[in-house]
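Here are my notebook entries from an afternoon of looking things up. Have the model open beside you and follow along.

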Amino acid sequence: VKARFLPVVPRLFSRGQLLLEARRQVDGLYAGGHRTRSHGSSLEFAEHRLYVPGDDPRSIDWRAYARSDRLVVRRYHEERRLPVRILIDASISMTYGSKLDAAVLVAAMLGLLALDAGDDLEVLMHGLTERRSPPLQGTTGAERLCRFLEEDEGGRRADATTLLTRLRDQSPRRSLVILISDFVGEIAPLAELARVLTGMGHDLAAIQVLDPSELALPAAWGETLLHDRESGLQVACDARTAKAAYDANISAHITGLRAALLAANVDHLLLSDPQSLTQALSAWLVRRRTR
Amino acid sequence: MIGWLAAGAGALCVLATAPVAVHLLSHHFRRDRFFPTARFLGEHRAGRSRLSRLRQFLVLALRTLALLALAIAVCGPVLRSSTSDGWSPAVIVLDASCSMRQRDGATTCWEEAKGAVERLSRELSSRPIQVVLAGDHPHASGNLPELDRGGVRALLASAEAGYGTGSVPQAVASALGTLGARSDGAEAGGDLYLVTDGAATCMAGVDPQALPGAVHWHTVVVGGGGDNVAVAALGLEPGVALVGRPCTVTARIVNHSDQPRTATVEVALGGTTRLLDLALLPEATATAAVTMTPQSSGQLDAHARIVSCGGVNALAEDDERFGVVTVDAALPVHVFSDENPSDQGAALKPLLAALVSAGLTPTLAPGAALSQLTDGDRAIIVTVGILAPPRTEALQRHLLSGGCLLQVISSDGDAALCHGLGELVAPAQPGAAIDLSARAHGLSLMARALDHPLVISLRGREPLLSQIEAYRHRPAPPADGSLVALAWEDGSVALGERAVGRGRWLLLNIDPTSASSDLATLEVLPLLLGRLPLIGMPPSISDCASACGASHASSQAVIDPSGSRVALIDGGCVLSRPGLYRALDGVTSVVGAGIPESEGDLRHAVLPAGAQAVTSQQAWVGARDQPLWPWFLLAGLLLLIGELALASRRVGQA
C-alpha cells in the first residue's frame, strides 16, 4: 500500500489508553443489564398461567386462587448472567479512516457495560488473524478485553458474513451477539445468516460503522482513482460528477441493509460520526431497552 | 520572418510563468485513494471519467496555450517586411525631377513625396537605409545605408525638387551599388524604393526586370497625375538670326490633358510682344509666333508666357520660357584647317578667297579646334587641309543637331575624316590620291544634278564646268543615300551631300589647289560657295532655350535668374533653374533655360513590367514590421476565456 493512499485521520484513542477512553465514555452511558427474553424465577412478575400437574406448588398464587377460584401459578422474568458476544469486523475495509478505531472503541464500551453487568463476554475479531478472546468476566475481564482489542490493527479480507458464519458454526449457545462492521458487502447472505442465528435464539444487533466520506462522497476529491483493496476493484472517477450516484447508491444500500436486518429481527445502528459515538450508542441502548 | 521587439522579455516571462507551468505540468489530475465502498459508484463512472479526463486535458492544453500565447505576446513578436532576412538594407530613390513640383490643392507632389520618404524611413524601423535624391545629379544621404536617420533627415530638410528630368537611372545605379556593397561582394540584395509622381518619364531608362534577383523593386507613386498646359519650346526660324533678315520666334504650347483648353499666350522677341488666344485640342500642340527683323547683331531675349489657361494647370514652372536669340551680322563660317592661309600651294588660300568673295566672313581655326565646337553654334563648318583628324564628338553633335559641314578633300587627313565621324556616314568615301598629271588631259567634271541648290547657279554655265579637270584625283564612290550634285567622269563624287540627323554633310572632292585641279582658276568656286548660306543655314531651331539641368559651355561665370552667381565647372555652368542667365554685367543675356518638355506631361504613365505602382500607404504597410503581439494577446485571452468556460462547466456539472 502506497503511503499516499492512506489518509491521515486522527486516532480516537491512543494506544494502550483504550480502557481509559472506553471507561470515560461509558460513564455517560446508561448503566444496566440486558433484559432477556427467557422467562424463569425472578423477582419481576411477568404473567399468570393455569396450574398444570407437575408445576412447583410453591409457584401457585394463592391470592389469585382466592379471587378467581382457579389455580394459577405466577411466572416471573428470569434475570440471569447473559453471555455476550461481540464480533468485530477488522477487515481491510474497516481500516479506512477511523472506522476500526470507532469499532474497537464501541466494542470496548459495550464490553465494559456487559462486564459491569456481570455478563459473560466473548470477543471474536477478524483482523490480521482470526482471534477469539477467552471468556471475560469482572474487573480483570475489562483489562483483558481492552488489551485484546488493541492487539490487532486489522487488514484481513473478511466481512460480517464471515463472522456470522463462524458464530453459527462454533457457538450454538444462545447469546447476545453484537456485530460491528461496515456492512459494505452483499446484503442477502448476511440477512440469511442473521435469520438463521436469530432462529437459533441469538439476540443479534448490528452496529454499522462508516466513515463520513463513505456516506457522502466528497466532491472536492475531483478526479480520483479509487482502490477498493478488499474487492480488488479500482474505479477512476470524477468525484464531482459521481457524487450524486454514489450518495444515492450508498443510501439505498444502508436502507436495504436496515430493512433486511429488521426483517431478521436484528437491531441496526449506524455510526458515522466518531465525535458522537457516545450519544449515538446511548440513544440506541435506550431504544433497545424500551423496545 | 518573425522578429521580436523585446526578446529579453521572454526570459523574464519564462521566469514568471515557470512556477505556473511547473504546477500545471506536474499536476495530478487523478489522485489515487483507498476507498472501500467504490462499488457504489455505479455504472456511469467509466464514461464520465473518460470524458472528464478528456476535458481535463483540454483544460490543460488551453491553459498551456494561453500561457504560451501571453508569454509570446510579451516578447513583442513582429512579422518582418518583404525581404528574406528582415535586416537587409533599403535604398529610397526620391524622384526630384521638375514634374514633382506639380501642385495638387494646397500641397505639392514634392512635399508629399518627402513626407512619404520620411514615413517610409520610419516604417523601415531598424533596417539600414539610404535615401538617394534623383535630381539633376544624384545625391545620397550617405555613402552607406545608415541605422540612425540623421543623414536622411538632413537630406530631406535641404532637398528641393529640380527643374530638369531628374536622374533616376543614375540614382538607381547608385542604389544598386550601395546594395551590392552592403552584401559583402555577393549579389546586390535589399529593397529599392522609387518614390515618384508616376509621370510619363519617371521610369525612363530604368528596367526593374533587369535588376538582380535579390533586389526588391517598389514603385511608390505619390500624388501626381495632374493636367498641365506648358510652353514646351521656343523655336526660331530660320535657324540663324541675321541682321536685316526677318526671324520668327515660335512658342509651342502643349496641352497635356484629355480636355480641350483655351489659353492666352504672350510671346516676345526683343522689344516685340504679341498676345494670342489659342485653342488647344486634347493632347495637342499649338503655336504662337512673333516675327521681327533685327537691325543689329547681338543677343535678343525671347520669351513666352501663358497668361491665362482654363482648367487645371498643375505645373506652374513651365508656363513661362526664356530663350536667347543670337543675331549675327552675317552667317558665320568657321574654317578649320592646318594649312597656312598664305601658302600659295595650299587649298586653304583659294577657299578663303572664294568664301570672302561670296560675301561670307569666315573665321579660321586649326583642325584640332574641331573638338572644341560648342553646342548650339549655328555656324557653317568648313574643313580643308586637315592633317590629323581630331576628336569629332562635338562635330557629330553639330551635324546631328542641324549644323552644316562642308568638307573639302585636299589632304589625306581630309579623306580620313570621312571615316572618323563615328556612326555617321559620309556622302562618299574618298580613297588615296591618284596623280593624273602624266595624262594628256585631266579627269573631266560632269554635271549630275544641276537643280541642287548648291550648283543651281551653274545652270547655263555648263561650259565652265567642262573646263574643270583634275590632275590629282581621289576616287570616291558615293555612299548609299547620298545626293551627287557633281561627279567626275569616273563616277566619283565631286560634290555630294548627305543628310545626317537634322544637319547636312557636304563633301567637295575637288582639290582647289592649282596643282590638283582647275577649280580655283575659274569662277566656279565662288559661285558654289555663294550658295552655301542657303544650304548651310538651318531652317529652324526647335528651341532656343536650353533644358534645365544641362550644362552650358561658357568661358566665364554667369548670373542665374535669381541673381546668384553660377560658378563654372569643367568649362560650363549648370542651368539649375529656368529663366534667363546673364553675363556678369547683368545685362547681356547668355542663355535661357526652360523646363524639359517631357516634364510637362504629368499624367501617370503605364509603368514597365515589374514596376507595379503602390501608394505610399501601401508602401508603408509593406515596409512596416507587422505587429503580431496583439494577435497573440487576443489568442491568449480567448484561450483563457475558453479555459474558464470549460472549467466552470465542469464545476457546474459537479
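**Entry 1: cavities**

How many cavities of 30 Å³ or more does a search of the whole structure find? I got six. A cavity here is a set of points on a 1 Å grid over the protein atoms alone where a 1.4 Å probe fits but cannot get out, and lining residues have an atom within 4 Å of a point. Points are joined across faces, edges and corners, and a volume is the space filled by probe spheres set on them. The largest cavity comes to about 110 Å³. I listed 13 residues lining the largest cavity, and those nearest its centre are Arg472(B), His473(B), Arg474(B), Asn509(B) and Asp511(B).

**Entry 2: ground rules**

The model is predicted, so I noted that local features need pLDDT of at least 70 and side-chain atom pairs count only at pLDDT 80 or more, while totals for chains, interfaces and linings use all residues. Residues are numbered from 1 along each chain as its sequence is written, chains are lettered from A and ligands numbered from 1 in the order in which they are written, and side-chain values use heavy atoms, with hydrogens and water left out.

**Entry 3: the two chains**

I looked up secondary structure as DSSP runs numbered from the N terminus, with helices (H or I) of at least four residues and strands (E) of at least two. Chain A has nine helices and 11 strands; chain B has 13 helices and 38 strands.

For burial I used relative accessible area with a 1.4 Å probe and protein chains only: buried is under 20%, exposed is over 50%, and partly exposed is in between. Of the 291 residues in chain A, 51% are buried, and in chain B, with its 654 residues, buried residues make up 51%.

Accessible areas come from the Shrake-Rupley method with a 1.4 Å probe. Chain A exposes about 13800 Å², with 53% supplied by carbon and sulfur atoms. For chain B I have about 28000 Å², and 56% of that belongs to carbon and sulfur.

Contacts (heavy atoms within 4.5 Å) were next. In chain A, 76% of the contacts with a separation of 6 or more are between residues 24 or more positions apart. In chain B, the figure for residues at least 24 apart is 72% of contacts between residues at least 6 apart in sequence.

**Entry 4: cores**

A nonpolar core is a set of buried Ala, Val, Leu, Ile, Met, Phe, Trp, Tyr and Cys residues joined through side-chain atoms within 4.5 Å. Which residues touch the most other members of the largest one? I found Leu508(B), Val524(B) and Leu532(B), in a core of 46 residues. Helix 6 of chain B (residues 348-357) gives the most to this core, namely five residues. Beyond four places away in sequence, Leu508(B) touches residues including Leu406(B), Ile409(B), Leu495(B), Leu519(B) and Leu528(B). A second, separate core has 44 residues, among them Met94(A), Leu112(A), Ile180(A) and Val209(A).

**Entry 5: a covered helix**

In helix 5 of chain A (residues 160-170), the buried residues I noted are Ala160(A), Thr161(A), Leu163(A), Leu164(A), Thr165(A) and Leu167(A). Their cover includes strand 4 (84-89), strand 5 (121-126), strand 7 (176-181), helix 6 (187-199) and strand 8 (203-209) of chain A.

Most residues other than glycine have a negative phi, and most peptide bonds are trans. I went looking for exceptions. The bond from Glu237(B) to Pro238(B) is cis, with omega near -10°, and Pro238(B) sits in the loop between strand 11 (228-237) and strand 12 (241-242) of chain B. Asp69(A) has a positive phi of about 60°; its loop runs between helix 2 (62-68) and strand 3 (72-77) of chain A. Is Asp69(A) buried or exposed? At 58% relative accessibility, Asp69(A) is exposed. Glu283(B) also has a positive phi, near 55°, in the loop between strand 15 (272-280) and strand 16 (285-292) of chain B.

**Entry 6: cysteines and a buried histidine**

Cys98(B) is in none, and the nearest cysteine sulfur, that of Cys548(B), is 7.1 Å away. Cys98(B) is buried at 0% relative accessible area.

His452(B) is buried too, at 4%. Away from its sequence neighbours up to four places off, His452(B) touches Leu483(B), Ala485(B), Glu497(B) and Ile535(B).

Note on methods: A disulfide is a pair of cysteine sulfur atoms within 2.5 Å. On a 1 Å grid over the protein atoms alone, a cavity is a set of points where a 1.4 Å probe fits but cannot get out, and a pocket is an open set with protein on both sides within 12 Å along at least five of seven lines; lining residues have an atom within 4 Å of a point.
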